[in-house]
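Colleague: I am new to reading models of protein complexes. Can you take me through one, feature by feature?
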Amino acid sequence: MNLLTLFDYIGTFVFAISGTLTAANKRLDFFGATMIGFVTAVGGGSLRDIMLGDTPVAWMRDLNYFWLIIAGVLVTIVFGKFVMKLKKTLFLFDTIGIAVFTIIGLKKALLMDINIPMAVMMGLSSAVVGGVIRDTLCNELPLIFHREVYATACIAGALVYLFLNYIGLNEPVCEIATVVTIIAIRIVVVRNDIALPKVEIKE
Amino acid sequence: MNLLTLFDYIGTFVFAISGTLTAANKRLDFFGATMIGFVTAVGGGSLRDIMLGDTPVAWMRDLNYFWLIIAGVLVTIVFGKFVMKLKKTLFLFDTIGIAVFTIIGLKKALLMDINIPMAVMMGLSSAVVGGVIRDTLCNELPLIFHREVYATACIAGALVYLFLNYIGLNEPVCEIATVVTIIAIRIVVVRNDIALPKVEIKE
Amino acid sequence: MNLLTLFDYIGTFVFAISGTLTAANKRLDFFGATMIGFVTAVGGGSLRDIMLGDTPVAWMRDLNYFWLIIAGVLVTIVFGKFVMKLKKTLFLFDTIGIAVFTIIGLKKALLMDINIPMAVMMGLSSAVVGGVIRDTLCNELPLIFHREVYATACIAGALVYLFLNYIGLNEPVCEIATVVTIIAIRIVVVRNDIALPKVEIKE
């Protein structure tokens, strides 16, 4: 198992936790929490695969995703208080997950000869759409549209990947540099409470 | 026409009614009600087919679905009061519909060599996703995530089907046992007002 | 570039503007506004292509869509006040866009041997689903389900197209007649503040 797959699995597990936490917040029942855990973890990759036409979608072909999500949901339900205390660790793994999802989506689209701007969007979609579906199903305005700036980090990471790849660095170097870029931006952003400007139109 | 197809049609018709009732509750107009009737009836099967890559989606290849949905919407609009009085009958047909949708989704996935846990999810998706989309479009927290427990009944039914199939019973027997299991669980659940526990995480 | 493609591009641009205006209303940030601009512009066509199984979806194969949407979003953010003053012009282009999207969806489905009622639905989906996703992501009841009647205009336009095509008129004539029908209905509807009746069911 290569590093990308390992972090893909970790990302899936952490996304399932994040979904379950949101579900708990909305006082959903066990089934609802499990479903939200699932869509948070696989929603982004599914939309990417569906739009690219690469079906059955990826998580349906590898049972590890299924068990990792079930594990993420159960761990959150059983050890909820403890999980909440690990916020910093979760944040780190969540960011790694986002970075890895971005790379996986980007690479997959490029392999299918999708043009570069669209391939970047497919990387972004893999990373953020799960959270958007989670919030929409929970009847909330998607967090990423008005507060968290990790989308910007993903786009920057994707551009770093493309640039390093273009100048001929080998694959692992490109990937590590991308992950480091995304983590660095996200930490700087959160530490300094940086937010994108709101769009305001006054009549 | 075999029994499975007949009940698939009945389920489609009843789901269209349920969608229209929700739309009426939200004071949507005729077009909105028709659209909600459609997504309630075909949303689950469509997501299943899209994720499995079996497109054009099933309901697009059989006009009967189209007319059954239009009929369900019109009947509800014209005979609304009367339809509301048939709650018990509707509940029964709704449950049969859910059971049949579960079986259809499960069998379809198994035929495409999807592994068993994912195939169960495809059965579940066929049965519940229409209602989830209905509630999300109507700007409500999906009912099935916090109140109705029919998802549990579907999963139990799918496991019964798999078990009976595994020990070699013939197809109609497996299907009837599945439908009976789902109906029985759902009636017991509703009669006794059983709900899944809520997920609660206290900091 | 033929006329249909030109108006498809204009429609995409105007839909991106409409998405950005809704996002501004919800006080989303730049990223959120861009995403809403995107889904408004390409959501309908994407769902159509996904349900028909024609993937990668159309906008992923033509970079012009990408730049037109980015342009629409930026123009709205930078010249917001000015854009708001152009309401009548926007309304006209929006209606042309809807008409063209309807024709494109309808023709595509017919070319894939989809039956006529479903093909009309694919035309409708191309025209209205982007707005439905926009409103749902922005946590609003979709406008088109309870106020704007342009769906009715699309269906009427699709029927005009089918009829003229059936009696053997040539393609451009059919298309122009369809666009004119849709624009005419929509103007009459808006001028006279016509709304579809609400669905009401009293117990």
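Modeller: Let us start inside. This is a predicted model. Its largest nonpolar core has 204 residues. Those with the most contacts inside this core are A:A33, A:C154, B:A33, B:C154, C:A33 and C:C154.

Colleague: Take one of those. Which residues does A:C154 touch, not counting residues up to four places away in sequence?

Modeller: A:C154 touches A:I98, A:T102, A:G123, A:L124, A:A127, A:V128 and A:I182.

Colleague: Now the chain around that residue. How many helices and how many strands does chain A have?

Modeller: Chain A has eight helices and zero strands. From the N terminus on, the elements run α-α-α-α-α-α-α-α.

Colleague: How do I judge the packing of chain A? What radius of gyration does chain A have?

Modeller: Compare it with a rule for globules. With 203 residues, a compact globule would have a radius of gyration near 17 Å. Chain A has 17 Å, which agrees. Along its principal axes, the C-alpha trace of chain A spans about 50 × 50 × 35 Å.

Colleague: What percentage of the residues in chain A is buried?

Modeller: Buried residues make up 54% of the 203 residues in chain A. Take the contacts in chain A with a separation of 6 or more. Residues 24 or more positions apart account for 68% of them.

Colleague: How far should I trust the coordinates?

Modeller: Check the confidence. Where pLDDT is low, the predicted coordinates should not be read in detail. Chain A averages a pLDDT of 88, and 99% of its residues score at least 70.

Colleague: Where in chain A is confidence lowest, and where is it highest?

Modeller: Lowest is helix α4 (residues 80–85) of chain A, at a mean of 80. Highest is helix α3 (residues 63–78) of chain A, at 93. The predictor gives an ipTM of 0.87 and a pTM of 0.91.

Colleague: Next, the arrangement of the chains. How do I describe how one copy sits relative to another?

Modeller: Two copies of a chain are related by a rotation about an axis and a shift along it. Here, chain C can be laid on chain B by a turn of 120° and a shift of 0.0 Å along the axis, with an RMSD of 0.0 Å. The two copies are thus related as by a three-fold rotation axis. The copies use different surfaces: 11% of the contact residues of chain C recur in chain B.

Colleague: By what turn can chain B be laid on chain A?

Modeller: By a turn of 120°, with a shift of 0.0 Å along the axis and an RMSD of 0.0 Å. Only 11% of the interface residues of chain B are also interface residues in chain A, so these copies meet through different surfaces.

Colleague: How many residues of chain B are in contact with chain A?

Modeller: 27 residues of chain B are in contact with 29 residues of chain A. On the side of chain B that touches chain A, the elements giving two or more residues are α2 (30–52), α6 (116–137) and α7 (150–166) of chain B. The largest share, four residues, comes from α6(B). By class, that side divides into 16 nonpolar, six polar and five charged residues.

Colleague: What phi does B:R27 have?

Modeller: B:R27 has a positive phi of about 60°, although it is not a glycine. B:R27 is in the loop between α1 (3–25) and α2 of chain B. C:R27 has a positive phi of about 55° and is not a glycine. C:R27 is in the loop between α1 (3–25) and α2 of chain C.

Colleague: Is C:R27 buried, exposed or partly exposed?

Modeller: C:R27 has 14 other C-beta atoms within 10 Å, so C:R27 is partly exposed. A residue counts as buried at 20 or more such atoms, and as exposed at 12 or fewer.

Terms used. Residues numbered from 1 in each chain as written. Chains lettered and ligands numbered in written order. Predicted model: local features only at pLDDT ≥ 70, side-chain atom pairs only at ≥ 80, totals over all residues. Least-squares fit on C-alpha atoms with pLDDT ≥ 70 in both. Contact = placed C-beta atoms within 7 Å. Nonpolar A, V, L, I, M, F, W, Y, C, P; charged D, E, K, R; others polar. Rg over C-alpha atoms; globule rule 2.2 N^0.38 Å. Core = buried A, V, L, I, M, F, W, Y, C linked by C-beta atoms within 7 Å. pLDDT = per-residue confidence, 0-100.
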